[in-house]
Structures are given as structure tokens and as C-alpha cells.
Amino acid sequence: MHAFDVLGDPVRRRILELLTDGEQAAGAVSGIIRAEFGISQPAVSQHLRVLRESGFATVRADGTRRLYAVDLAPLREVDIWLERFRRFWTQRLDALGTELARGKRERRENLAEPPSTNTQPPTNTKEDE
């Protein structure tokens, strides 16, 4: 199965997100996924199997528990493949960063300016009379 086929499924992406926090028991992963996606335990097991067989996750036995962890190798391959496309969004992200910094600077400057101390009453014009 191709990496993007594996990552294209929202359930498998969520499982990988959970595993980024460290090794997780299959039962704990299953409980979270079942609650979030409303799927059965056997369905979660199938997704874990796909991740394991495609190399995105590793599993080790700890007594009766099965502990899953992320395997970084396939993710590095995806990252390498994406590298050729980064130029399309890097400049835009840099420009966005510049605009965000400019907006923060302007807000700080506006907060630092003292309020106007114009205490003179407005003058009446002929039109006001």
C-alpha cells in the first residue's frame, strides 16, 4: 500500500497522531478511536494492522498487551517526496509570517501611544448655529 493511501484515511492519521505522544497500548488507542469515530474495535484493529504492515507503526508484546509506536522511516520518505513541493508554499508562509509580525508590531505601537490629550472644546461653526 502506498504511503498516501495509508495516510489518506482520517482514522489512521488520528492513530498516528495519538502515537506521536509515545508508545500506546492497543486498547487505549482503540478506546479513543472508537469514541471519536464511532467504529468497532475490530475496525480499529484493522487500521492498526494496516499501519503495522505498511511500516508506519511498530508493535511489541508486553504480557497480554500490544504496544504500538510510530515508525519514522515511512514518514521520512513522505517528507523527502514533499520536499520538491515546499517551494510552492514556503514563500507564502514566509510572507504570512512577515505580515503577522507587522500586525503585532503595529498593535504594540498603538498600545504604547498615550491617548490623545486634546482638551480644547470643539469650536462651533456657522453651520452648527
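A: A nonpolar core is a set of buried (under 20% relative accessible area, 1.4 Å probe, protein chains only) Ala, Val, Leu, Ile, Met, Phe, Trp, Tyr and Cys residues joined through side-chain atoms within 4.5 Å. The model is predicted: local features need pLDDT of at least 70, side-chain atom pairs need 80 or more, and totals for chains, interfaces and linings use all residues. Numbering starts from 1 along each chain, and side-chain values use heavy atoms, without hydrogens or water.

The largest core has 19 residues. Ile15, Val29, Ile33, Leu48, Leu51 and Phe56 touch the most other members. H2 gives the largest share, five residues.

Now Leu48. Beyond neighbours within four places in sequence, Leu48 is in contact (heavy atoms within 4.5 Å) with Ile15, Ala26, Val29 and Tyr68.

The axes of H3 (residues 26–37) and H4 (residues 41–53) come within 9 Å and cross at roughly 115 degrees. Axes are fitted to C-alpha atoms over the stretch in contact; angles run from 0 to 180 degrees between N-to-C directions.

Three strands form an open sheet in the order E1-E3-E2, with antiparallel pairing (at least two DSSP bridges between two strands). Strands E1 (24–25) and E2 (57–62) are its edges. H2 (residues 10–19) packs on this sheet and touches E1, E2 and E3. The direction of H2 makes about 95 degrees with that of E3.

Conventions
Helix = DSSP H or I, 4+ residues; strand = E, 2+ residues; numbered from the N terminus. Buried < 20%, exposed > 50% of the residue type's maximum accessible area, 1.4 Å probe, protein only.
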